[in-house]
Amino acid sequence: MKKTEEVAHDNLATENQKPQQKVEFDWDAVLDGVKKDLYFPPSWLFSIKVAKIEGKIVTLEAKTHFQALWVKNHYLQLINDTARILYGKEGFEVIIDVGEENSWTKETKKNMAPGNNHRTIESHDPQTASFFSSSNAFDNFVVGPSNQFAHAASYAIAENPGMAYNPLFIHSGVGLGKTHLLHSIGNHILKKYGTRLNTFCISAEHFTNGVVQSIKTGSMDKFRNLYRLNCDVLLIDDIQFIAGKDSTQEEFFHTFNSLYTAKKQIVITSDKPPSVMKNFEERLKSRFEWGLTADIQPPEVETKIAIIEKKAEEENIEIPTDVASFVAQNVLSNIRELEGSVNKLFAYSKMFREKITLELAKQLLSNLVKKETPKIITIDLIQKEVSTFFDLTVKDLKSNQKQKKVSQPRQIAMFLSRKYTSSSFPEIGNRFGGKNHSTVVHAVKNVEKKIAKDPSVSNAVTAVSATLEKFITS
Ligand code: ADP
Ligand code: MG
């Protein structure tokens, strides 16, 4: 088997357009890379093995069905991203065998002594799992204007759970630090209160699995008691996952009520503010707004530089300022991608013991630079961002649909078109499916009025404006 350095070297050679060589897949090397990125690497992850390699498809095998599913849902993307760093885009695709029984699970079953049911992760019960990553703490969360409000609110809650704001609802686009903050709250509470407070940190997907499992096995009472009676702090990640899942929403509603009434702290994260969440019961959405809602915006260049420098410090690697600012200015979307780029630089520098220079960064991260950034805000861009924010299509915005869920976003998009482009009212009307210029005038006035009164309008205007401004400033 090839050494990691050789594999990476082969791959970089491929990226530099040298003749293609046949490379072997080295699972240990991939796993090493994966380890660095994990929030809470469960020990069993390292017992996953390669079942077969057919051409470029690598099939992994886990000891249990549950582990295989867990890897598929939580780690496969990261495994593939890491493999891509090592072997390039055209390298290997990693999949995992989630069949109920593979050679390994059969063997494990055979070897299991009757009555041996100690609780390891293998006998993991999806109803009860609760963990937070020790590496996601307030200490390594870089605070900047884009996240300082969410950070301050989270810190206040971690200091005095149940006393400050309840619930705290944190929302943002992907990869901007929601999970990091949620786990920081968990870590802080654990450090400050030890076992006096029982903190549950779960994903909404996990909660859903618990509901499904309990319905299947008729153990709903056990499930209810677990959350409603044993929990002092409930940290629930990615609540958007339960959209459209009626039984889970019903269950969560009652869990929320009993925890809330007992003054237990609840923190919820989501990809959207409550007011624009789709397929959620109104009674749940309104409860989400009972406490404090905090958003995280995409980071400014300065915050991105600070995050890069913090990472470099943690890894004990020197990164020159011009490199940090090159990466910060070119990674546009989110902090997860920023970390991916920085990790690629660090990995290279460690493997080949080379200093990171601007030249090297440009070469290794050439994929970033190629992405031409639109430097002006166009009506197209506004329509795209507004429709994404409201989960609509651009076609909806241009349509004549009169329902509020479409007409309000349309008015906001018109308002932003007026604010950010030099287009006239008739031009804007034209670009929205041939609307009359007075329709646009009315829309702009209406949004201006509502910004002062209606948080759902002002939230949307602020969030989309921030995204648009990123396009010109970054
Ligand atoms: P989300 O849950 O919003 O999708 P995550 O919390 O998973 O985002 O963040 C993505 C990655 O970026 C994580 O590795 C996280 O540690 C890192 N990250 C996010 N925000 C910050 C920050 N302010 N400082 C340092 N690291 C951050
Ligand atoms: Mg997350």
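**Strands, cysteines and a helix**

Guide: Start with a pair of strands. Strand S2, residues 57–61, pairs with S3 in the parallel sense, over 5 bridges. Keep in mind that this is a predicted model.

Visitor: What holds strands together in a sheet?

Guide: Strands of a sheet pair through backbone hydrogen bonds, either parallel or antiparallel. In this pair, Glu61 stands opposite Asp97 in S3.

Visitor: In what order do the strands of this open sheet lie?

Guide: The order is S1-S2-S3, an open sheet of 3 strands with mixed pairing. Strand S1 (49–54) and strand S3 (93–97) are the edge strands, and each pairs on one side only. From one strand to the next, the twist averages 30°.

Visitor: Now the cysteines. How many disulfides does the count come to?

Guide: First the idea. A disulfide is a covalent bond between the sulfur atoms of two cysteines. Here the count comes to 0 disulfides. Cys201 counts as buried, because its relative accessibility is 5% and the cut-off is under 20%. Cys231 also counts as buried, at 1% relative accessibility.

Visitor: How do I read a helix?

Guide: An α-helix has 3.6 residues a turn, so residues three or four places apart point the same way. Take helix H5, residues 148–159. It has 12 residues and reaches 16 Å from its first C-alpha to its last, close to the 16 Å expected.

Visitor: Which residues in H5 are buried?

Guide: Ala150, His151, Ala153, Ser154, Ile157 and Ala158. Seen down the axis of H5, the buried residues fall within an arc of 165°, so they line one face of the helix.

Visitor: What covers the buried residues of H5?

Guide: The cover includes strand S4 (168–172), helix H6 (178–193), strand S7 (265–270) and strand S8 (292–296).

Terms used
Residues are numbered from 1 along each chain as its sequence is written. Chains are lettered from A and ligands numbered from 1 in the order in which they are written. This is a predicted model: local features need pLDDT of at least 70, side-chain atom pairs count only at pLDDT 80 or more; totals for chains, interfaces and linings use all residues. Side-chain values use heavy atoms; hydrogens and water are left out. Two strands pair if DSSP finds at least two bridges between them. Helices (H or I, at least four residues) and strands (E, at least two) are DSSP runs, numbered from the N terminus. Axes are lines fitted to C-alpha atoms, for helices over the stretch in contact, and angles run from 0 to 180 degrees between N-to-C directions. A disulfide is a pair of cysteine sulfur atoms within 2.5 Å. Buried means under 20% relative accessible area, exposed over 50%, partly exposed in between (1.4 Å probe, protein chains only). The expected span of a helix is 1.5 Å times one less than its number of residues. The arc is that of the directions from the helix axis to the C-beta atoms. Contact means heavy atoms within 4.5 Å.
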